[in-house]
Amino acid sequence: MATLGDHDYDYASVVRHEELDYRDGGLIAGWAAHLAGQVTVEVGQVLPPHSPHCAGCGPDNSAGLHLRAVRTASGVEAVHSFDEAQVGAPGIAHGGAVALAFDDLFGFSLYTVGALAVTRSLTVEYHAPFLLHHPYTFRVQVTNRTGRRLLLHAEASDATGKKTGSADATFVVVDPGHFAAGAEQEQSQGQ
Ligand SMILES: CCCCCCCC(=O)SCCNC(=O)CCNC(=O)[C@H](O)C(C)(C)COP(=O)(O)OP(=O)(O)OC[C@H]1O[C@@H](n2cnc3c(N)ncnc32)[C@H](O)[C@@H]1OP(=O)(O)O
């Protein structure tokens with residue numbers, strides 16, 4: 001058991017990819033079912049990665065961030081330390097890597113919506129440098145839904161609670177067919 005922000009959580013409770021039902025239609029069908037609430041995700045539970053090789057959260061991507069997002073009552077949270085693989089200026093995380101973290105965690109907050117959606121726009125404010133090897137807490141929530149359009153907001157803070165970044169995004173709800181071309185390409189390449 002560990003503490004993340006205001007929440008205790010247990011990594012053993014993570015929903016594993018193999019527990020999702022991908023038999024009928026593969027990964028995206030599994031994701032859609034999961035986001036639609038057919039698999040219960042409790043507050044405090046670590047959420048499954050978007051895909052095994054996702055650049056933000058995939059455990060099998062050696063160049064990825066390996067984010068671990070936890071479901072909270074209002075959205076999701078993650079604590080993350082950037083390392084040399086994401087360096088920009090010496091000792092400081094690259095802004096693009098910080099944007100990746102925000103975007104990926106926005107994707108996790110879809111659990112509170114129960115629908116598949118993708119990023120249409122993303123704005124990041126860098127309030128202070130994200131130092132390598134320092135833990136930052138990211139908190140993300142969906143603030144509004146109008147039709148297919150979702151507005152999302154996130155904040156990141158350092159261990160003292162000082163705000164180091166914030167982000168706003170518009171996501172647009174899509175059906176599973178949105179991912180078909182990418183999935184077909186991956187299959188044809190034998191991945
Ligand atoms: C499974 C989840 C994984 C999450 C991983 C982390 C997040 C990601 O990395 S996602 C990958 C990056 N994003 C993408 O690849 C998306 C690429 N873009 C697209 O495919 C399309 O532009 C897409 C699907 C977003 C929208 O296209 P389309 O379906 O034609 O929508 P469109 O009709 O233009 O607009 C839909 C709605 O959004 C609104 N909208 C579109 N753009 C904006 C915008 N910039 N701001 C506000 N609203 C907007 C429209 O007004 C419309 O609203 P309404 O339904 O109320 O009329």
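Of the contacts in the protein with a separation of 6 or more, 64% are between residues 24 or more positions apart, two residues being in contact if their C-beta atoms, placed from the backbone, lie within 7 Å. The model is a predicted one, in which local features need pLDDT of at least 70 and side-chain atom pairs count only at pLDDT 80 or more, whereas totals for chains, interfaces and linings use all residues. Residues are numbered from 1 along each chain as its sequence is written.

With the whole protein in view, colour by secondary structure to find three helices and eight strands, where helices (H or I, at least four residues) and strands (E, at least two) are DSSP runs numbered from the N terminus.

Next select strand β6 (residues 136–146) together with strand β4 (residues 76–80), which run antiparallel and are joined by five bridges; strands count as paired if DSSP finds at least two bridges between them. Within this pair, alanine 78 has phenylalanine 138 of β6 as its bridge partner.

Follow β6 into β7 through the hairpin, where two residues lie between the strands and glycine 147 in the turn has a positive phi of about 60 degrees.

Finally, move to helix α2 (residues 95–108) and select alanine 97, whose contacts, leaving aside neighbours within four places in sequence, are Phe82 and Gln86. Between alanine 97 and glutamine 86, 11 residues apart in sequence, the C-alpha to C-alpha distance is 6.0 Å.
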